[in-house]
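This report covers one protein chain. It begins with a helix and goes on to the packing around it and the confidence of the model.

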Amino acid sequence: MGVFTFVCRSSGGEWSAKQLSGDLEASAATPYELQRRLVQAAAAADSSGGVQSSFSLVTPSSAVFQVVIGGGGGGAFIGGGAASAGGAATAGGGAAAPEAPPAEEKKEEKEESDEDMGFSLFD
């Protein structure tokens, strides 16, 4: 499993990215095209399985992009009991699936009126 984290910046109408700890770099006219190029570069460096990616703008001209290759899921990118359980079974092999937490019951809260308090704001 490979995790590739990139710092992306926009300058002069072009986006560029540099790997946080590594040698991979790319540039493109749009953030979307930059993401495509970074996924291709990461996949060329590590072709061990499926690809997941996450692009987060920090400011309008900077972002963090992460590519995860391989692994069975789980972790920070996939949430929920069923998805994590599937990822644990795939990655760990033989781990028991955790039970989903019970659903919380929604209780309707009755809004208190002025009359319930023994005084009124309009007296």
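Helix 1 (residues 31-45) has 15 residues and, at 1.5 Å a residue, should span 21 Å; its end C-alpha atoms are 21 Å apart, which agrees. The expected span is 1.5 Å times one less than the number of residues. Helices (H or I, at least four residues) and strands (E, at least two) are DSSP runs, numbered from the N terminus.

This is a predicted model, in which local features need pLDDT of at least 70 and side-chain atom pairs count only at pLDDT 80 or more, while totals for chains, interfaces and linings use all residues. Residues are numbered from 1 along each chain as its sequence is written, and side-chain values use heavy atoms, with hydrogens and water left out.

Leu34, Leu38 and Ala42 of helix 1 are buried. Seen down the axis of helix 1, its buried residues fall within an arc of 65 degrees, so they line one face of the helix. The arc is that of the directions from the helix axis to the C-beta atoms. An α-helix has 3.6 residues a turn, so residues three or four places apart point the same way. On the other side of helix 1, Tyr32, Gln40 and Ala44 are exposed. Buried means under 20% relative accessible area, exposed over 50%, and partly exposed in between (1.4 Å probe, protein chains only). The cover over the buried residues of helix 1 includes strand 1 (2-11), strand 2 (14-19), strand 3 (25-28) and strand 5 (62-69).

## Core and aromatic residues

The largest nonpolar core has 14 residues, of which Phe6, Cys8, Leu34, Leu38 and Val67 touch the most other members. At least two residues of this core come from each of strand 1, strand 2, strand 3, helix 1 and strand 5; strand 5 gives the largest share, four residues. Such a core is a set of buried Ala, Val, Leu, Ile, Met, Phe, Trp, Tyr and Cys residues joined through side-chain atoms within 4.5 Å.

Beyond four places in sequence, cysteine 8 touches residues including Trp15, Leu34, Leu38, Phe55 and Phe65. A contact means heavy atoms within 4.5 Å.

Three aromatic pairs are found in the whole structure. In one of them, tryptophan 15 and phenylalanine 55 are edge-to-face, at 6.4 Å centre to centre and 65 degrees between the planes. Tryptophan 15 lies in strand 2 and phenylalanine 55 in strand 4 (residues 51-59), 40 residues apart. Rings of Phe, Tyr and Trp (its six-membered ring) pair if their centres lie within 6.5 Å; planes under 30 degrees apart count as stacked, over 60 as edge-to-face and the rest as tilted. Phe6, Trp15, Phe55 and Phe65 form one aromatic cluster.

Valine 51 is also in strand 4, and touches Val39, Val67, Val68 and Ile69 beyond four places in sequence.

| Residue | Relative accessible area | Class |
|---|---|---|
| Tryptophan 15 | 7% | buried |
| Phenylalanine 55 | 25% | partly exposed |
| Valine 51 | 42% | partly exposed |

## Whole chain and confidence

The chain has two helices and five strands, in the order β-β-β-α-β-β-α. Of its 123 residues, 19% are buried.

Mean pLDDT (the predictor's confidence in each residue, from 0 to 100) is 74 for the chain, and 58% of residues reach 70 or more. Confidence is highest in strand 2, at 93, and lowest in helix 2 (residues 81-92), at a mean of 41. Over residues 74-97 pLDDT stays under 50. Where pLDDT is low, the predicted coordinates should not be read in detail.
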